[in-house]
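The exercises below go through one structure, part by part. Try each task with the sequence and the model at hand, then read the solution.

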Amino acid sequence: MAPLQKVVVVYGATGVQGRSISLSLLKSQQNFVVRALTRNPQSEKAKELARLGAEVVKADGFNDNDMENALSGAWGFWLNTHHHDPATQQPNGPTDEDLGNRLIEIAAKAGVKVFIYSTCESPAEFTKGVAPVPGMDAKHRCEMYARTFKEFDAVIGAFPGWYFENYVTPEYAQAFGGFPMFPDNEGYLTWHAPLVGGEGKVQTVSIEDDFGEMVHGMFLNPLKWKNKTIQCLSDAFTYEDMVKTFTEVTGKKARYVPMASADDFPTHGNSVLIELQDVFRYTQNNNGWFFGNPDDFATCQSLKDEARRDKGLEPEPVISLAKYFIKHYGPN
Ligand SMILES: NC(=O)c1ccc[n+]([C@@H]2O[C@H](COP(=O)([O-])OP(=O)(O)OC[C@H]3O[C@@H](n4cnc5c(N)ncnc54)[C@H](OP(=O)(O)O)[C@@H]3O)[C@@H](O)[C@H]2O)c1
């Protein structure tokens, strides 16, 4: 007899995180049904997921009826709300935390068994109130709220590091002085940023290459990861290593110019950049540990290994900084 189908609902399936998870789960040899949520099933990304076998369902997270329908009969639920979404920044409107909490309540009522949440640790807790990062602190509270529901067999927090994808995004290059895309007026690709703190390492994850497989690994063995907040990282490196590696790969001149203080990081009133400035204050006050604790590569690799085994693929190491730059900027 074929094993029972397990419906896994992926919120934000057309986004960076959700797409990577969906693509990995779609190749699973378990009987997962990937139910990909989107507000626009006609988008190219939604149609691609449908072509690959996902059940694409139209749902808006702010609409309870949509979400009740979307979660009906679901075994698993991946939730990643975008906390810079303007819809959660309105005065007197619902916050990202309100949205997360509401979706957790709907999922519990719908009978979801395994809830995996795109989360953060709490900078306020790790720095004893010295360097809070409000958006991260709120995600941590959501995860803790989910753990109070007896309806779930497992609640797991997947905590992504700094995206490698930011290095192929022009807006991030511009916000940090141009590296790795736009040379400055001295001809350098310059990364201009505050000090990270501690050993100065930046915990970084490739969402496309690794994160989807790590979360896939969590869905394979949820009781093992129950009530854990799991760091998701591919590599960790200093900004000095980062620019040196880029030069080695491309031959282009690159440099890191540190800022004297996090206060010098230009935010232009942009909520993402304001949060990044808070993150530098947090890591400077927490040994440079974005994840709160020292890096744990072994867990990341083991989750990836389990997912690849489930897909019938050869094991592969989590991607390194050098490999990422070769893939995106290296010689063809
Ligand atoms: N950049 C980094 O280094 C970094 C690191 C760690 C964490 N993060 C966090 O990651 C989060 C962003 O995740 P991402 O990169 O995957 O975002 P993304 O690529 O912008 O995707 C957002 C997804 O959410 C869906 N969505 C938005 N509003 C919705 C609504 N009202 N109802 C249903 N679906 C909705 C969108 O789907 P449709 O448009 O198809 O409906 C889209 O698929 C942020 O909270 C960010 O701070 C970022």
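**Exercise 1.** How many residues does helix α10 have, and how far does the helix reach from its first C-alpha to its last?

Solution. This is a predicted model, in which local features need pLDDT of at least 70 and side-chain atom pairs count only at pLDDT 80 or more, while totals for chains, interfaces and linings use all residues. Residues are numbered from 1 along each chain as its sequence is written.

Step 1. Helices (H or I, at least four residues) and strands (E, at least two) are DSSP runs, numbered from the N terminus. Helix α10 spans residues 239–250 and has 12 residues.

Step 2. The expected span of a helix is 1.5 Å times one less than its number of residues. For α10 the reach is 17 Å, close to the 16 Å expected at 1.5 Å a residue.

Step 3. After α10 comes glycine 251, with a positive phi near 80°.

**Exercise 2.** Which residues of α10 are buried, and what do they pack against?

Solution. Step 1. A residue is buried if 20 or more other C-beta atoms lie within 10 Å of its own, exposed if 12 or fewer, and partly exposed in between, with C-beta atoms placed from the backbone. In α10 the buried residues are Tyr239, Met242, Val243, Thr245, Phe246 and Val249.

Step 1. Seen down the axis of α10, these residues fall within an arc of 160° (the arc of the directions from the helix axis to the C-beta atoms), so they line one face of the helix. An α-helix has 3.6 residues a turn, so residues three or four places apart point the same way.

Step 2. The buried residues of α10 pack against the strands β8 (189–194), β9 (201–205), β11 (235–238) and β12 (254–259), and against helix α13 (321–329).

**Exercise 3.** Which residues of α13 are buried, and what covers them?

Solution. Step 1. The buried residues here are Leu321, Tyr324 and Phe325. Their arc, seen down the axis of α13, is within 95°, so they line one face of the helix.

Step 1. The cover over the buried residues of α13 includes β11 and α10.

**Exercise 4.** Is tyrosine 282 buried or exposed, and with which residues is it in contact?

Solution. Step 1. Tyrosine 282 lies in helix α11. Tyrosine 282 has 27 C-beta neighbours inside 10 Å, so it counts as buried.

Step 1. Two residues are in contact if their C-beta atoms, placed from the backbone, lie within 7 Å. Leaving aside neighbours within four places in sequence, tyrosine 282 is in contact with Pro123, Thr127, Ala131 and Val133.

Step 2. From C-alpha to C-alpha, tyrosine 282 and threonine 127 are 7.1 Å apart, although 155 residues apart in sequence.

**Exercise 5.** Where is histidine 268 found, and what is its phi?

Solution. Step 1. Histidine 268 belongs to the loop between β12 and α11 (271–284). Its phi is near 50°, a positive value in a residue other than glycine.

Step 1. Histidine 268 is exposed, with 8 other C-beta atoms within 10 Å.
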